[in-house]
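Trainee: I have a chain open in the viewer. Please show me how to read its features one by one.

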Amino acid sequence: MKPVAHAITGGLATLTIATFLTSTVYTELFGSKEQITAVKNAIVFPGLAILIPLMAATGGLGRALVGGEVSPAATIKMRRMKTIALLGLFILVPCALLLAYLARNGLIGPAFAGIQLVEVAAGATNLTLMCKNFRLGLALSGRFRSNRHQHAPAE
């Protein structure tokens, strides 16, 4: 049951981040200020209220799956998850809160664009790391065969 729950929560978290990222980029390129504000507000709530528990559950279930014996591949997944968590906690959540505040107050200008650029870069990094972890998890479970993951990857 734990592997299935881990895959579901991880998949939903990845999909949520991808949704945040694509919605942000799309509205920045093609949306009005009102649409940008709506997206920024939706990312904060209900977005973060959905994403944060999904990320916590994914991490907790992943640790439970590893147990006492930690393979080199599992170590890589855990190191990536620490990076994902740190980016989320110290860059993505503060950016999301600040961008929603700026958008609500009509302050969509150069500062907003700069913060938005940081958020998109960090979000894309997290999405990439999560996809790498998903692929490595499939390899560890035997559902995805790759010669790259038969031995300890050096990352």
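Mentor: Start with exposure. Buried means under 20% relative accessible area, exposed means over 50%, and partly exposed is in between, with a 1.4 Å probe and protein chains only. Phe 30 has 59% relative accessibility, so Phe 30 counts as exposed. This is a predicted model: local features need pLDDT of at least 70, side-chain atom pairs count only at pLDDT 80 or more, and totals for chains, interfaces and linings use all residues. Residues are numbered from 1 along each chain as its sequence is written, and side-chain values use heavy atoms, with hydrogens and water left out.

Trainee: What share of the chain's residues counts as buried?

Mentor: The chain has 155 residues, and 37% of them count as buried. The C-alpha trace spans about 50 × 30 × 25 Å along its principal axes.

Trainee: How many helices and strands are there in the chain?

Mentor: First, the rule. Helices (H or I, at least four residues) and strands (E, at least two) are DSSP runs, numbered from the N terminus. By that rule the chain has four helices and zero strands. Along the sequence the pattern reads α-α-α-α.

Trainee: How do I check the span of a helix?

Mentor: Compare it with the expected span, which is 1.5 Å times one less than the number of residues. Take helix H4, residues 110-141. H4 has 32 residues and reaches 46 Å from first C-alpha to last, close to the 46 Å expected.

Trainee: Which residue follows H4?

Mentor: Most residues other than glycine have a negative phi, and most peptide bonds are trans. Gly 142 follows H4, and its phi is positive, near 85°. For the peptide bond, look at Phe 45 and Pro 46: a cis bond joins them, with omega about 20°. Pro 46 is found in helix H2.

Trainee: How do I read helix packing?

Mentor: Axes are lines fitted to C-alpha atoms, for helices over the stretch in contact, and angles run from 0 to 180 degrees between N-to-C directions. Under 35 degrees counts as roughly parallel, over 145 as roughly antiparallel, 65 to 115 as roughly perpendicular, and the rest as oblique. Helix H1 (residues 2-30) and helix H2 (residues 33-66) have axes that come within 8 Å and cross at roughly 155°. H1 and H2 are therefore roughly antiparallel to each other. By class, their contact has 19 nonpolar, eleven polar and three charged residues. In that count Ala, Val, Leu, Ile, Met, Phe, Trp, Tyr, Cys and Pro are nonpolar, Asp, Glu, Lys and Arg are charged, and the others, Gly among them, are polar.

Trainee: What handedness does the crossing of H1 and H2 have?

Mentor: A crossing is left-handed if the near helix is turned anticlockwise from the far one by less than a right angle, and right-handed if clockwise. The crossing of H1 and H2 is left-handed.

Trainee: At what angle do H2 and H3 pack?

Mentor: H2 and H3 pack at about 165°, with their axes 10 Å apart. That makes H2 roughly antiparallel to H3. Their crossing is left-handed.

Trainee: And how do H3 and H4 cross?

Mentor: The axes of helix H3 (residues 72-104) and H4 come within 9 Å and cross at roughly 155°. H3 and H4 are therefore roughly antiparallel to each other. The crossing of H3 and H4 is left-handed. Their contact has 22 nonpolar, eight polar and four charged residues.

Trainee: How many aromatic pairs does the count come to?

Mentor: Rings of Phe, Tyr and Trp (its six-membered ring) pair if their centres lie within 6.5 Å; planes under 30 degrees apart count as stacked, over 60 as edge-to-face, and the rest as tilted. The count comes to one aromatic pair. Tyr 26 and Phe 30 form it: tilted, 5.1 Å centre to centre, 50° between the planes.

Trainee: Why are Tyr 26 and Phe 30 separated by about one helical turn?

Mentor: An α-helix has 3.6 residues a turn, so residues three or four places apart point the same way. Tyr 26 and Phe 30 are four residues apart in helix H1, so about one helical turn separates them. Tyr 26 is exposed, at 53% relative accessible area.

Trainee: Is Thr 16 buried or exposed?

Mentor: Thr 16 is buried, with a relative accessible area of 15%. Thr 16 lies in helix H1. Thr 16 and Leu 51 are 35 residues apart in sequence and 6.6 Å apart in space, C-alpha to C-alpha.
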